[in-house]
Amino acid sequence: MLVRALEAIGAAVESERPGEAFFAVNGLRGIHGGDTAGVLAAARQAVAAAGREALEAPVRVATGPTRFAAFVAATAWRRPVPAAALRTRLGVPEREAEAFVEALERL
């Protein structure tokens, strides 16, 4: 439901995990007011129109220079994001990810 709502505004949506969706705003700025704020407003409206009751969880829309930065921007409003959130997002073998997260936590 969420992916379809975002595709309706012209977004080429990627969704690798349940409950998450990503899309680039660059190509959408021209059709949604010329800036990122217009794209985010269109995304929020599309999600609202899809019906919040049809969605399993609250929706947060955020932007950032990377997927992880957008994830943090969308979730940090309610709590700090622990270093462990990186574990499944690094794209490296599990052992390397674990060592990296442990090093960050020690810092």
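Let me start with Leu90, which counts as partly exposed because its relative accessibility is 30%, where partly exposed is the range between buried, under 20% relative accessible area, and exposed, over 50%, computed with a 1.4 Å probe and protein chains only. Before I go on, please keep in mind that this is a predicted model, in which local features need pLDDT of at least 70 and side-chain atom pairs count only at pLDDT 80 or more, while totals for chains, interfaces and linings use all residues. Residues are numbered from 1 along each chain as its sequence is written, and side-chain values use heavy atoms, with hydrogens and water left out.

Where does Leu90 sit? Leu90 is found in the loop between α3 (67–75) and α4; helices here are DSSP runs of H or I with at least four residues, strands are runs of E with at least two, and both are numbered from the N terminus. If we leave aside neighbours within four places in sequence, Leu90 is in contact with Ala97 and Phe100, contact meaning heavy atoms within 4.5 Å. Leu90 and Phe100 are 10 residues apart along the chain, and their C-alpha atoms are separated by 9.5 Å.

Phe100 itself belongs to helix α4, residues 94–106, and is partly exposed, with a relative accessible area of 39%.

Which residues of α2 are buried? They are Thr36, Gly38, Val39, Leu40, Ala42, Ala43, Ala46 and Val47. As you look at that list, remember that an α-helix has 3.6 residues a turn, so residues three or four places apart point the same way. The cover over the buried residues of α2 includes α1 (2–7), and just after α2 comes Gly51, with a positive phi of about 100 degrees.

Finally, the chain as a whole. It has 4 helices and 0 strands, and from the N terminus on its elements run α-α-α-α. The C-alpha atoms fill a box of roughly 45 × 30 × 25 Å along the principal axes, and 27% of the 107 residues count as buried. Among contacts between residues at least 6 apart in sequence, 25% join residues at least 24 apart.
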